Each structure stands twice: as C-alpha cells, then as structure tokens.
Amino acid sequence: MTQKSQFNIKVSDLLKETGKQDSIDFTELKTKNIPWLTSEWVSWTVSLESQSKKTIQASFTDIQCQINDTCEACSSEYTRQVRCDFHEVKFTLDKSQYDNEAQDEIFPIDEKSNIDLEDVVVQAIGLQTPTTKLCYDCINKQESDNDDYSSLDYFENGDNIQFN
Ligand SMILES: [Zn+2]
C-alpha cells in the first residue's frame, strides 16, 4: 500500500483478494476542512481489510487532535482535546450495493483505486463535538453544581425505563 499524498492511499493491492489486511499510522496531518484545528494537527491509525474485490472495511483508531473552540457559557476561547477511539466505515467501488445501509458510513474508492481518508477523519472528529461546548473551568463548575442532584437524577431516570 502506497501513500499517494497526505490523506490518499492506493488500495489496489488490497482489492486483489478478499481478507487482505494492512494498517498504517498517520501522524500530524493538517486538514483544511477543519479550519479551527490547532497547530497540533491530526493523528490516527487506520486498519484496512478487503471484504471483496470491490469493498474495503476501514477501522480508524486513536484519532486525536486539538480544536480551538469558544465556551458557550463564558465566551472564552479554549482548546478542546478531541479523541475518537474507534470509527468504522466502508470504502467501495460500488456504492449502489449499499443503498440500504447508512450512507454516511459508505465512502468511494475512485477509478484509480485510491481512497481519501480526509472526509472520514473530519466526520469522526465532527461526531466528537459536544452538544454544549464548555471550557474546562465551566465544566468543573457545572460538575460541582450538579453533585447535589446526581443521586436524584439516577432515580428519575430509573423510573423512565419501561419493560415490555
Ligand atoms: Zn467557560
């Protein structure tokens, strides 16, 4: 497997035979698709396994980067550590084969047998975005405020579980 450019890899060898595997470490790549990324760049490991002569299963592990964010509570700038332990997608020459599957987990292999990992990494990092962006001071403050209620929350949630 050869690395054509930063995020692109050629997978023609893997497509020759079902069950072929390869893995590759990427460290400190910069992507323009995450403009608020800090200079700490993105790092990850990807493991590839061919499922057929048209499709490759790709498991991304340890995706790590830092993002500049703005706290929604106090409006201060802070650096958010992003870590995605595991993200799995398929790359395929024949997307129509997967019409019934979640389309955001299916990515193309181009006619020259190259795959582009950038969109997947950007997607995985996007999925780590918290519903409310809070700096570390505000997270700590919120956690200490919530301590008094956490046992109550537990019982309230328990009442909502339905057994059929
Ligand atoms: Zn804050």
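Two strands are said to pair if DSSP finds at least two bridges between them. Strands here are DSSP runs of E with at least two residues, and helices are runs of H or I with at least four residues, each numbered from the N terminus. The model is predicted: local features need pLDDT of at least 70, side-chain atom pairs count only at pLDDT 80 or more, and totals for chains, interfaces and linings use all residues. Residues are numbered from 1 along each chain as its sequence is written.

Strand 3 and strand 4 pair in the antiparallel sense, with seven bridges. They form a hairpin that has four residues between the strands. Across this pairing, serine 43 lies opposite glutamine 64 of strand 4.

Strand 4 also runs antiparallel to strand 5, to which 15 bridges join it. Threonine 61 has phenylalanine 86 in strand 5 as its bridge partner. This second hairpin has six residues between its strands, and serine 75 there takes a positive phi near 65°.

The largest nonpolar core has 24 residues. Such a core is a set of buried Ala, Val, Leu, Ile, Met, Phe, Trp, Tyr and Cys residues joined through C-beta atoms within 7 Å; buried means that 20 or more other C-beta atoms, placed from the backbone, lie within 10 Å of the residue's own. Strand 3 (42–50), strand 4 (55–70), strand 5 (77–92) and helix 2 (118–127) each give two or more residues to this core. Strand 4 supplies the largest share, six residues.

Among the residues with the most contacts inside the core are Ala58 and Val120. Leaving out residues up to four places away in sequence, alanine 58 touches Val46, Leu48, Glu88, Val89, Lys90, Phe91 and Val120, where contact means C-beta atoms, placed from the backbone, within 7 Å.

Note on methods. A residue is buried if 20 or more other C-beta atoms lie within 10 Å of its own, exposed if 12 or fewer, and partly exposed in between; C-beta atoms are placed from the backbone. Two residues are in contact if their C-beta atoms, placed from the backbone, lie within 7 Å.
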